[in-house]
Amino acid sequence: MATTPAFTGNLKKALAGLRRINLDGLRWRVFDAKGQVLGRLASQIAVVLQGKDKPTHAPHVENGDMCIVLNAKDISVTGRKMTDKIYYWHTGYIGHLKERRLKDQMEKDPTEVIRKAVLRMLPRNRLRDDRDRKLRIFSGNEHPFHDRALEPFVMPPRQVREMRPRARRALIRAQKKEQATRAKEEEGAKNVEITA
């Protein structure tokens, strides 16, 4: 039997608030964030935290599962969000609006990026704090919950919508135009070589 690696992180922080959760009958779902897009992963975690994937779901009852997110430092984002996305907060003093870019937040604490994305997808009600306690995020791939019956969560395949006909025709026209200009340039280069 293979031995599990010892958890080297902050054990007190990892186990905080577990006594306040009724763990009877909860599934422990493990999400691997390596290479996953931030928003898509966060929406799946929010669904599991709310228990919307269960047939017993009710909006006023807390029946979500425990979520363990690994490899938070390897999350990816689309577009230029790494440099353009900004997190704002206010200290309470006049003129003290603080900001931090996503890239800087990833260097400081990558777990907080996923936590904010998930919590902002949850409804703002009395169950929100309990759902937050069921979310455990780790920047690496080691965690202290090896004694639990863990279930790896398989992300659903991404369904890419087909291009609309007008956009597809425009793309084909652009490709043909590019091929025609390339052919003219090659033809012009051959004519220059022949005359020289």
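A nonpolar core, as I use the term here, is a set of buried Ala, Val, Leu, Ile, Met, Phe, Trp, Tyr and Cys residues joined through side-chain atoms within 4.5 Å. With that in hand, I opened the structure, which is a predicted model.

**Entry 1: the core**

I began with the largest nonpolar core, which has 25 residues. Which of them touch the most other members? I found Phe-31, Ile-45, Val-69, Ile-114 and Leu-135. Then I looked up where the core comes from: α2, β2, α4 (102-108), α5 and β5 each give at least two residues. The largest share belongs to α2, with 7 residues. A general point to keep beside this: in soluble globular proteins, nonpolar side chains tend to be buried together.

**Entry 2: strand β2**

Next I followed β2, which covers residues 66-70. How many of its residues are buried? I noted 5 of 5, so by the cut-off of under 20% relative accessible area this strand is mostly covered. I then checked which way the residues point. Met-66, Ile-68 and Leu-70 face one way, while Cys-67 and Val-69 face the other, and all of them are buried. This goes well with a general rule, that side chains in a regular strand alternate between the two faces of the sheet.

**Entry 3: the partners of β2**

I looked up what pairs with β2. Strand β1 (residues 28-32) runs parallel to β2 and is joined to it by 5 bridges. One pair I wrote down is Arg-29 with its bridge partner Cys-67 in β2. To get from β1 to β2 the chain passes through α2, and I logged this β-α-β crossover as right-handed.

I also found β5 joined to β2, again in parallel, by 3 bridges. Here Ile-68 has Arg-136 of β5 as its bridge partner.

Is Asn-71 buried or exposed? With a relative accessible area of 8%, Asn-71 is buried, because the cut-off for buried is under 20%.

I then turned to Gly-35, in the loop between β1 and α2. Gly-35 has 53% relative accessibility and so counts as exposed, the cut-off being over 50%. I also checked Gly-35 against Asp-74: they are 39 residues apart in sequence, and their C-alpha atoms are 6.1 Å apart in space.

**Entry 4: the largest pocket**

I went on to the pockets. The largest one holds about 470 Å³ of space. Its lining has 21 residues, and those nearest the centre are Lys-13, Ala-14, Thr-111, Ile-137 and Phe-138. Which elements supply at least two lining residues each? My list reads α1 (11-14), α5 (110-119), α6 (128-133) and β5 (135-137). The largest share, 4 residues, comes from α5. Sorted by class, I have 7 nonpolar, 6 polar and 8 charged residues in this lining.

**Entry 5: the second largest pocket**

The second largest pocket has a volume of about 170 Å³. Of its 14 lining residues, Leu-38, Gly-39, Lys-81, Lys-85 and Ala-117 are the closest to its centre. Both α2 (38-50) and α5 supply at least two residues of the lining. By class I noted 7 nonpolar, 2 polar and 5 charged residues.

Key:
Residues are numbered from 1 along each chain as its sequence is written. This is a predicted model: local features need pLDDT of at least 70, side-chain atom pairs count only at pLDDT 80 or more; totals for chains, interfaces and linings use all residues. Side-chain values use heavy atoms; hydrogens and water are left out. On a 1 Å grid over the protein atoms alone, a cavity is a set of points where a 1.4 Å probe fits but cannot get out, and a pocket is an open set with protein on both sides within 12 Å along at least five of seven lines; lining residues have an atom within 4 Å of a point. Grid points are joined across faces, edges and corners, and a volume is the space filled by probe spheres set on the points. Ala, Val, Leu, Ile, Met, Phe, Trp, Tyr, Cys and Pro count as nonpolar, Asp, Glu, Lys and Arg as charged, and the others, Gly among them, as polar. Buried means under 20% relative accessible area, exposed over 50%, partly exposed in between (1.4 Å probe, protein chains only). Two strands pair if DSSP finds at least two bridges between them. A crossover is right-handed if, with the strands pointing away from the viewer, the path from the first strand over the helix to the second runs clockwise.
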